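User: I would like a close look at a single part of this model. Please keep the account plain.

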Amino acid sequence: MSAQTVLFDVPGPRARVRNTLYTVLTVFLALIGTAVLYLGFNRTLSERESPLFSAQTWAVNPQGQWAADKWEPFLRPDTWTGYVIPGLQNTLTAALTASVLAVVFGLVFGVGRLSEHWWIRVPSGAIVEFFRGIPLLMLIFFTMALPIVAWQLFDIPTGTFQVSALVAVVTGLTLYNGSVLAEVFRAGINAVPPGQGEAAQSIGMTRTQTLWTILIPQAVTSMMPAIVAQLVVLLKDSALGYIIAFPELLRSFTLIATRESNVIPAAIICALIYIVINVSLSRVAIWLERRNSGRGRSSARPAAANGAPAPVREGAGGLPTPSGTAAEPGVGDTATESRTEEEPGDGDDPGPGKGPGGSGT
Amino acid sequence: MRARRINSALGGAAVLALALTACGTADVGGTGSGDDNGDGGDTITIGVKYDQPGLGLDEGGTPVGFDVDVATYIAEELGYSADQIEWTEAASANRESFLQQGTVDMIAATYSITDERRDVVDFAGPYYVAQQDILTQAGDSDINGPDDLEGKVLCSASGSRSAHNITEDMGIDAELREAGNYSECLELLNNGTVDAVTTDNTILAGFAAQNPDDFRMVNNPFGEERYGVGLPAGSTERCEEINEAITKMWEDGSATEYLNSAFGETDFAFEESTPELDACA
Amino acid sequence: MEAFLSNIDRVVDGFSWTVRLTLFSALFSFILGILLTAMRVSPVPLLRGLSTTYVEGVRNTPLTLVLLFCGLGLNSALGLSLADSVALDVFWWGVIGLSAYTACFVSESLRSGINTIPLGQVEAARSLGLTFTQNLRLIVIPQALRTVVGPLGSVLIALTKNTTVASVAGLGVQEASREMKLMFDQGVAPVLPTFVGFAIGFLILTLPMGYFFGWLSKRVAVVR
């Protein structure tokens, strides 16, 4: 309804003609694009022997990537049991382990940054800013090289311990996403109205008690969508394990592609699996957000911590965009950032709030 | 109380994470190594490649290829039947640590004998002496040796020395395109994005054997890579047993048979004489 | 550390590619992101559908896979070459892959920015007779851009870090992290100083960006 008609009037006759024209034009361009991709991967685009508009050019080329036997491996159960499912299992193992560890890391350092003691606050801040600012791939490479570091610095002979690919991936994902989550938690805690903390202390609760029974539970609840969004990032980033031969989903598909020489079908199916998983996770985030906003009494409103692209302010009424609920966390990866980048006005932490953040890969 | 619920949820999640990590890594295409088959007898764990066609490629549960055949032959000579062998994927990066930690009993995974590696592990063999060679598209007759690569585009897998041997040590001015692994290189070669791929001729032939009509081995090899059987340090006795097995394997023609079944369809002119074995340390 | 510093030219060379990847990808992804957003709120249902499908699809695909598709699919299998030399060819394909991926996040940020614009403004603009394009160009986008300066900064920082993936996924662009891995492997300098050196390099790029965009977002914030 109004979602579609906010930015423009109900189309009149001329506008309808124009819209139809645009539709036709788009269909035309999309067809050309699809045709180029189809012919290219069919190997009949550049090295064709027949004219462009002949049945031979457009027929499925048995040498090309659309040939039935390039797709047939995905109909065999052993492809799924031998490659895809173990790969998926490894991806989920790495992602789940890293998620839990990252949440713990985030809580420890997020709370650490709010500490009253400078000797906790400053190192926590430095650690969070450091791991947020460097690429995940570098962290993974470095973790893999730790045995060499031990040898170079402490003369521990190489081979005393080894870093498995799983450990390297999980370490990298934990440090990076944990730092991002630390900022999320900090913003969430800061967004709880200060009166609550004061009230808790006035009834004699210690600072630790206040933190764990009053502030953190509210911060976690209000930041849940941002946390889930970051976990989607984490899951997607686990695909970097491919680079260090961690047998995760993407690597399973490259192994299939090696065996069956069907790069394009493998890439398409691999992408579909990732999309299905991540979209379902994002739906969870949206559901959580709705549930939260429905409850209505959450005092740590994410909007307060959000600053910039706040979900629609109550009563103000924003522009609903198609397909998005107004209260949708909206920006996916960047949801986290938008929440952490802006300090709530009453933030009492003088530390730099705008460090390098950002989604991973 | 809500706070307690969140705390215990976190605790539970942490336990879950630890449990997950303890489960370790699922085997992609593997046979579920690590646990005994339950047949009661001794088993031997052998590390091979799982992603190297012709040498060690996972085929829906068990690896196949020249390295695998050699390892099976050696294991049989050591007194293990084929079903007492447990296969494990040994990627290039973890071969030494697998041996040092006893994850595997031996490794046959395109494992070149070098002095640096001899410092940390023992080697039996070599069971085959591979050389560096060049693979081109089937229709390409311009490239017949490293010198012809001047001005051509050469693919190398990241972390590999092979391409640098040509561009730096031999001083040939070829452009490098780096790919994640050799199957990516073959894809690039097949599409004509690169003109040639260079690495050990066994590896090239293994890939070429998958599509024998598409690729051509230049067969102008240089350098040498002596593939040995990796053993934990201090395995002199087993090393000698393996050397005997390797000699026997070449004498009774099994080695040639294995090479033929792996690379017979290609134009790879593989070595057919017994390699000169090193003395066991 | 001396061994690392004696290789400083390699480090600088690596980072020069990182910076170039970032700049070009930022430019293209910004343009594509605006285009996607405009499509997403446009009167033509097909354009809306296309934009949504693209954003949801690419956003949920790992960047590694997007770049592999560019390197092995478009560049190699389709035989599309963008430059004569290999180094530039893979560079431009890296830029395309990164832009295609980052544009989704630009678009999502902008869309959430549009969400913050009060309905009344747009209705007022329409009642004045502004067309969709005028409305978007004069009323919506300028305000949306101001509100999302902070998130866009985060996207840029993420992009800077994501350029490292272009070094591996079927492309092999010679950027900083690859230079670091090479220095690890070749043993030209001890690992720890090398890592710290490259980490500082990235922090030099990303930290000021964070502060700058934080400052800018406060400065241009729309007061309501």
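How close do the axes of helix α2 (residues 66-77) of chain B and helix α8 (residues 236-251) of chain B come, and at what angle do they cross?

Analyst: This is a predicted model, in which local features need pLDDT of at least 70 and side-chain atom pairs count only at pLDDT 80 or more, while totals for chains, interfaces and linings use all residues. Residues are numbered from 1 along each chain as its sequence is written, and chains are lettered from A and ligands numbered from 1 in the order in which they are written.

The axes of α2(B) and α8(B) come within 9 Å and cross at roughly 120 degrees. Helices here are DSSP runs (H or I, at least four residues), numbered from the N terminus. Axes are lines fitted to C-alpha atoms, for helices over the stretch in contact, and angles run from 0 to 180 degrees between N-to-C directions. The two helices are therefore oblique to each other; that term covers what is left after roughly parallel (under 35 degrees), roughly antiparallel (over 145) and roughly perpendicular (65 to 115). The crossing of α2(B) and α8(B) is right-handed, meaning that the near helix is turned clockwise from the far one by less than a right angle.

On the α2(B) side, B:Val70, B:Tyr73, B:Ile74 and B:Glu77 meet B:Ile242, B:Ala245, B:Lys248 and B:Met249 of α8(B). Of the residues in this contact, six are nonpolar, none polar and two charged. Contact requires C-beta atoms, placed from the backbone, within 7 Å. Ala, Val, Leu, Ile, Met, Phe, Trp, Tyr, Cys and Pro count as nonpolar, Asp, Glu, Lys and Arg as charged, and the others, Gly among them, as polar.

In domain 1 of chain B, 11 residues are in contact with 10 residues of domain 2 of chain B.

Note on methods
Contact = placed C-beta atoms within 7 Å.
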